[in-house]
Amino acid sequence: MKRYVGLFGVIVAAAGLAVIGTLGGAYLADRTATRQSDPTAAVTGSTGRPSTGSGNVDPGRSASSGPSASPSQAQPTPRTYRLDRPIYEQASLGVTLVSAETSGGKLRLNIRYRNDSRVAWPVSCPTVDVDLVSSHLTLSDGRTVRPERTWCATTRAGQSFSIGPGEQINSWAVYPVVPEAASSFELSWYDFPTLDVRLG
């Protein structure tokens with residue numbers, strides 16, 4: 001297996017116990033060698049073709065679709081959902097989906113990496129291209145949505161560092177979609193187990 005410790009493939013040895021995980025830009029290894037290499041194909045349907053959704057609106061900007069937009073077409077009010085769903089818990093190392101924010105037709109997921117052990121947690125962020133194809137959402141209609149921006153790709157691409165004992169790091173990813181109200185979706189966050197999520 002290719003050894004890419006990614007934010008975060010992780011290999012920690014403590015008291016004879018080896019722990020392998022990943023962190024918010026984390027990437028262990030591409031076991032299947034089938035991941036997309038084109039980060040611009042952010043939303044795909046069952047055919048694998050790009051969706052025609054509104055995938056290019058920056059969360060901090062107006063979601064207007066141009067001159068033809070009217071007040072009745074305005075985006076819904078931004079919302080924050082407190083989730084606190086564990087993605088990974090092992091030997092005092094934890095990864096938690098803390099919250100979700102919807103704004104401007106986009107979904108931001110906030111992830112916390114916590115190290116409660118007595119030793120540092122060595123982690124690293126993959127390159128931008130790898131990071132943007134290392135996680136995705138699967139919507140209830142079967143569409144796959146990859147992030148357009150992430151904490152790793154934006155702040156620490158290609159860097160290695162450590163999460164010290166008792167410390168935590170807050171990561172995030174922004175996806176160009178807002179799931180339908182009360183519908184569920186799956187979060188595939190790097191090499192961690194898939195998590196079923198419902199907003200509201």
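Which residue in strand 13 stands opposite Leu137? It is Leu187. Keep in mind that we are looking at a predicted model.

Let's start with the strands.

Strands 13 and 14 make a hairpin, with five residues between them. Look at Tyr190 in that turn: its phi is positive, about 55 degrees.

On to the rings. Searching the whole structure gives four aromatic pairs. I'll show two of them.

One is Tyr88 with Phe192. Their ring centres are 5.0 Å apart and the planes meet at 50 degrees, so this pair counts as tilted. The pair links distant parts of the chain. Tyr88 sits in strand 4, residues 79–90. Phe192 is in the loop between strand 13 and strand 14, 104 residues apart from Tyr88. Both Tyr88 and Phe192 are buried.

Next, Tyr113 and Trp121. The centres of these rings lie 6.2 Å apart. Their planes are at 65 degrees, and edge-to-face needs over 60, so the pair is edge-to-face. Buried or exposed, for Tyr113? Buried, because its relative accessibility is 0%. Trp121 is buried too, with a relative accessible area of 0%.

Last item: a charge over a ring. The charged end of Arg156 sits over the ring of Phe161. The distance to the ring centre is 4.1 Å.

Technical notes: Residues are numbered from 1 along each chain as its sequence is written. This is a predicted model: local features need pLDDT of at least 70, side-chain atom pairs count only at pLDDT 80 or more; totals for chains, interfaces and linings use all residues. Side-chain values use heavy atoms; hydrogens and water are left out. Two strands pair if DSSP finds at least two bridges between them. Helices (H or I, at least four residues) and strands (E, at least two) are DSSP runs, numbered from the N terminus. Rings of Phe, Tyr and Trp (its six-membered ring) pair if their centres lie within 6.5 Å; planes under 30 degrees apart count as stacked, over 60 as edge-to-face and the rest as tilted. Buried means under 20% relative accessible area, exposed over 50%, partly exposed in between (1.4 Å probe, protein chains only). A charge sits over a ring if NZ of Lys or CZ of Arg is within 6 Å of the ring centre and within 35 degrees of the ring normal.
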